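Subject: Structure for you to look at

Hello,

Here is the structure I promised to pass on. Please open it and keep it beside this email. My notes follow below.

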Amino acid sequence: MFKKIMKGGHKKPSKSEANEPSSYNLGGSNVVVSHASRGGGALVPSSPVTATSPPPPPITSVTPLPLFRDVPVSERQALFLRKLQNCCFRFDFSDTVKDAREKEIKRQTLLELVDFIQSGASKIVSESCQEEMIKMVSLNLFRCLPPGSQENTGQEPADPEEEEPYLEPSWPHLQLVYELLLRYVVSTDTDTKVAKRYIDHSFVLNLLDLFDSEDPREREYLKTILHRIYGKFMVHRPFIRKAINNIFYRFIYETERHSGIGELLEILGSIINGFALPMKEEHKLFLIRVLIPLHKPKPIAIYHQQLSYCIVQFVEKDYKLADTVIRGLLKYWPVTNCTKENLFLGELEEVLEATQPVEFQRCMVPLFQQIARCLNSSHFQVAERALFLWNNEHIVGLIAQNRSVILPIIYPALEKNIQSHWNQAVHGLTANIKKMFMEMDPELFEECQRQYEEKQAKSKEVEEKRQFTWKRLAEAAAERDGVGGGEDYMITS
């Protein structure tokens, strides 16, 4: 039995284990690139390492190489691999003096690689070279991002327009790596069937992780590259949409912190624009479950412009979605945030411009109940923005067609503004709208005025009765206190 156990301890490796590659062959010398974490991998010569031999020392410097034009065409592929090896080194950019020569060599090498891919000479690049290039790109780009500016303090995120954006210190190299990846993706020489083996789901997920970078230059490159990947690699499209949705879900329901929401929405705006009709149920669910709830987070001002564009694209594509969108806006309408309320009113105007009469009629009652509340806002910008809706001809046309329902809802708000709003501009705009309704339908206007006056008279009568009742109670209490000699009484029902 002991012999059997000992024999089992020396099991032969399986074929799959024996054939599994353990190193990347770059320019004649083997280099191991560790992808265990996004923090970067160590580069070491990958001569066979056994349990008895110590690991080889790491490569610590880059070497100057000849230019592509200075070597024969037959040798350029080998030179391409050697240049990729040079670019696999990562440097500490917190110290500008340290490794200055090596940093410059790498920068020049990256420039040459970008020119090489862009010039069309990349036709000679074999499939294995493309694989090594994507590995080099991954090694440089996929890293642990520094903590956000608010993560360590616990403070609320500051206005991005007021604070200075974070700038990645290694950008002189990162920019060129991004440029190389972009040129590779958009090149007509790049075979999609080959490239999709290396630009796979894992690669796309790592790119999406980088959208949380606080450097706006990096997010701009990521936006362009991911958009190009979406356009070129049709097989990845459903996966990319699902992965972006997951980022949004986490942002809405967990963190409310992410630097790249605006850029991701820009990509989606272009994607939505290309949706075929009739629209798939999947896309409608995306509107209901993702885009509309994106109105909930506090930092909406950062990405509202892109979000509003996506929302309007849906309504323009399928006018029947207008009712869903407007009711969604009303669901997340802010109560105390006037800045956010102004954004909602601006978006509402754009949605109403694309709304047809039938859809408008379905939601006009709750819609104008909310608009009436905005008209009476003590914040003059909110009241003014709501009054500006009547400057839009399409919206005025929809209101005119349904004035018998809308005017009774908003007439009390208009009268209240005239009587008691503190801002003169709001007074003037309100008077103009009253005049517009009066000219539009004098009989309806007079009827609304009469109903308002009757309601006010009844309210005044109720208030007078209430005051009279309180007065009688006070008199009765005073009289009882006088008769009882100051004794305490308990009122019971």
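Start with helix 12 and helix 13: their crossing is left-handed. Keep in mind that this is a predicted model.

Helix 12 covers residues 281-291, and helix 13 covers residues 300-317. Their axes come within 11 Å. The crossing angle is roughly 145°.

Which residues meet there? From helix 12, they are H283, F286, L287 and L291. From helix 13, they are L307, C310, I311 and F314. Sorted by class, this contact has 7 nonpolar residues and 1 polar residue. No charged residues take part in it.

Next, find N245. This residue lies in helix 10, which spans residues 237-255. Is N245 buried or exposed? Its relative accessibility is 16%, and buried means under 20%, so N245 counts as buried. What does N245 touch, leaving out residues up to four places away in sequence? The answer is F286 and V290.

Last, look at D209. It sits in helix 8, residues 201-209.

How far apart are D209 and I247 in sequence and in space? In sequence, they are 38 residues apart. In space, the distance is 8.9 Å, C-alpha to C-alpha.

Best wishes

Note on methods. Residues are numbered from 1 along each chain as its sequence is written. This is a predicted model: local features need pLDDT of at least 70, side-chain atom pairs count only at pLDDT 80 or more; totals for chains, interfaces and linings use all residues. Side-chain values use heavy atoms; hydrogens and water are left out. Axes are lines fitted to C-alpha atoms, for helices over the stretch in contact, and angles run from 0 to 180 degrees between N-to-C directions. Helices (H or I, at least four residues) and strands (E, at least two) are DSSP runs, numbered from the N terminus. A crossing is left-handed if the near helix is turned anticlockwise from the far one by less than a right angle, and right-handed if clockwise. Contact means heavy atoms within 4.5 Å. Ala, Val, Leu, Ile, Met, Phe, Trp, Tyr, Cys and Pro count as nonpolar, Asp, Glu, Lys and Arg as charged, and the others, Gly among them, as polar. Buried means under 20% relative accessible area, exposed over 50%, partly exposed in between (1.4 Å probe, protein chains only).
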